[in-house]
2 protein chains.
Amino acid sequence: MSAPDSNLGEFDLIGRFFRRAAPLDAQQGVVLGIGDDAALLRLPEGSDLVAAVDTLVAGRHFPLITDAHSVGHRALAVNLSDMAAMGAMPAWATLALTMPSADASWLQRFSDGLLELAREHGVILVGGDTTRGPLTVSLQILGSVPRGAELRRSGAKAGDVLAVSGTLGDSGAGLEFATSRPRAVDRAAVDALIRRFDYPTPRVQLGLAARYVASAAMDISDGLAGDLPKLAAASGLHAHVQVERLPLSAAMRAAVSEAQAREWALAAGDDYELLLAAAPSMYPKLEAAARRLNLTLSIIGELSSGSGVSWSLHGAPYIPATSGYDHFSQASTQITV
Amino acid sequence: MSAPDSNLGEFDLIGRFFRRAAPLDAQQGVVLGIGDDAALLRLPEGSDLVAAVDTLVAGRHFPLITDAHSVGHRALAVNLSDMAAMGAMPAWATLALTMPSADASWLQRFSDGLLELAREHGVILVGGDTTRGPLTVSLQILGSVPRGAELRRSGAKAGDVLAVSGTLGDSGAGLEFATSRPRAVDRAAVDALIRRFDYPTPRVQLGLAARYVASAAMDISDGLAGDLPKLAAASGLHAHVQVERLPLSAAMRAAVSEAQAREWALAAGDDYELLLAAAPSMYPKLEAAARRLNLTLSIIGELSSGSGVSWSLHGAPYIPATSGYDHFSQASTQITV
């Protein structure tokens with residue numbers, strides 16, 4: 001552990017780096033923000049509170065070499081993605097930051113990354129706790145949704161199509177390349193993929209547009225092969241995916257074989273794209289919304305009565321080589337840099 | 001790192017140990033609890049949301065030898081204490097748990113400790129995230145308060161009396177004895193003090209009773225000498241404390257000299273008692289409420305116009321030897337077992 005900067009007390013840390021977004025407070029239902037025992041927040045009338053928490057552990061959820069700016073972005077992005085998956089409007093966040101020492105330059109970069117994304121989404125940081133220990137970033141996001149408008153995992157119906165936003169697997173490929181830096185691969189493609197890992201884009205606007213249109217939603221954080229079974233189980237349905245329809249980015253196609261790209265699209269984590277179910281009659285509305293947002297949306301399969309998940313490739317059964325990220329499973333993909 | 005139990009996936013961990021409080025959900029405004037991308041929660045009409053987060057790092061906020069049952073209790077208790085300090089009714093919690101491996105017996109004890117206290121206070125665990133890494137427990141508490149009824153640090157007026165609940169310093173003494181285990185000291189007293197460290201009692205009911213009665217409140221988590229200046233500054237007042245009035249427990253008096261007891265009462269952390277300011281005319285109502293709750297309440301000083309904090313002992317100026325717990329200050333009291 002490096003020597004702490006004794007001029008940076010816990011109270012100062014929070015105040016100095018994280019209070020910068022304060023002027024917007026009044027517009028965001030913040031009755032009382034950072035500085036008391038707790039934050040006091042006012043929800044819009046007729047809405048429910050939506051709450052989620054996600055933790056990033058250094059060396060596990062991001063390589064130790066990752067720029068603090070990216071870590072700050074990611075800590076908020078993964079939580080915004082949960083809001084997107086519920087069709088919720090994000091509003092406030094609290095931050096539990098554990099770090100080995102009070103490193104002012106790291107904190108500056110980290111808070112820049114976090115607050116830039118917060119401003120983009122109108123999110124106010126309303127509280128936090130800084131403690132000393134191994135680098136761990138736990139962020140809780142709070143948002144709202146009009147009562148009854150939320151997107152649940154359990155709402156899908158037999159006959160619904162399954163769709164995903166954006167492209168899959170890029171982030172997993174980016175993580176792999178960030179640590180291995182292969183020489184034989186297209187430089188620009190590798191940089192684009194690494195950037196997708198470093199700066200995931202939560203699909204908040206698409207989630208809002210999917211209210212009353214999609215029947216079910218979740219975000220893909222642990223890989224499609226790990227996450228889709230959860231949506232199928234919650235809805236009490238069988239899900240089938242045509243693997244050849246998984247959307248792959250140009251960078252991914254330039255960097256690796258199609259077979260490798262497919263595996264990453266299926267099983268690599270950290271995509272933070274939305275998985276949506278919708279009645280075929282509603283799908284065009286979803287597609288139009290995505291188009292307005294300049295976002296691709298791809299049908300990848302459908303839901304039917306039954307249970308479990310099946311995969312096919314050009315009509316033949318397909319077995320994914322891995323089954324998605326699970327933090328406590330020995331078989332899981334793990335960051336060990 | 002010990003070998004993980006590969007049968008315990010992340011999803012199973014949350015489900016198996018933390019879903020036990022589910023039957024109460026419907027009575028607590030939980031529209032949707034653990035198992036989707038986020039929890040969906042309904043606040044009582046006319047109330048504001050109150051949110052706080054606190055993190056416990058193993059070896060820093062509790063000794064590594066601490067029973068997991070106590071760690072679970074403490075993780076919730078320190079957050080309930082923030083609700084108490086706001087006059088808020090706690091309702092829901094989310095848990096971000098980082099641990100080296102999925103140890104089922106540790107998780108059983110930890111979740112028992114957490115859920116027993118949760119049931120006592122009608123708190124429902126509505127979400128969480130389990131990750132692998134050094135043991136870190138970050139809990140976010142969510143509660144509600146009728147609009148305008150909250151207790152702020154900034155509400156005190158010149159002429160208010162300052163009061164504290166319970167006795168001070170016990171927890172700090174308990175921590176000291178838990179690690180040093182002195183032979184010369186009264187055995188029963190030491191056990192009582194260690195128990196106060198292991199099982200802090202959040203003063204939620206007193207906080208609720210103090211609505212519309214106290215003018216300001218905060219909880220004492222970093223020691224009175226560390227926390228009182230924050231209340232004085234927030235209210236724009238000077239605080240004076242008569243150190244001889246600090247409430248000391250019988251166990252503390254049996255265990256150490258009065259001078260040592262005073263220092264712990266002033267500067268040791270983890271008391272989780274309430275510091276309250278009240279107009280002298282309102283104080284009897286506060287005292288009556290404390291009596292109904294079987295809780296002592298002691299006037300320790302008063303607030304006047306000015307700034308800063310002063311201390312006296314039997315009329316003579318008194319300088320505390322230490323100034324409260326600060327996680328990033330080199331001068332702070334730190335757990336280094």
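## Cavities

This predicted model holds 4 cavities of 30 Å³ or more. A cavity here is a set of points, on a 1 Å grid over the protein atoms alone, where a 1.4 Å probe fits but cannot get out; a volume is the space filled by probe spheres set on the points.

The largest cavity has a volume of about 140 Å³. Both chains contribute to its lining (residues with an atom within 4 Å of a point): A:L43, A:P44, A:E45, A:G46, A:S47 and A:R147, together with B:L43, B:P44, B:E45, B:G46, B:S47 and B:R147. By class, the lining of the largest cavity comprises 4 nonpolar, 4 polar and 4 charged residues, with Gly counted as polar and Pro as nonpolar.

## Domains of chain A

Chain A is divided into domain 1 (10-146) and domain 2 (153-318), with bounds from an automatic or database domain assignment. Their centres, taken over C-alpha atoms, are 26 Å apart.

## Interface between the domains

In chain A, 24 residues of domain 1 are in contact (heavy atoms within 4.5 Å) with 20 residues of domain 2. The buried area, the accessible area (1.4 Å probe) lost on putting the two parts together and summed over both, is about 1800 Å², and carbon and sulfur atoms give 61% of that.

Across this interface the rule finds 1 salt bridge, defined as a side-chain nitrogen of Lys or Arg within 4 Å of a carboxyl oxygen of Asp or Glu. A salt bridge joins the side chains of A:D270 and A:R74 (3.6 Å, N to O).

## Conventions

Residues are numbered from 1 along each chain as its sequence is written, and chains are lettered from A in the order in which they are written. Local features need pLDDT of at least 70, side-chain atom pairs count only at pLDDT 80 or more, and totals for chains, interfaces and linings use all residues, while side-chain values use heavy atoms, with hydrogens and water left out.

Notes: 1 Å grid on protein atoms, 1.4 Å probe; cavity = no way out; pocket = protein on both sides within 12 Å on 5 of 7 lines; lining within 4 Å.
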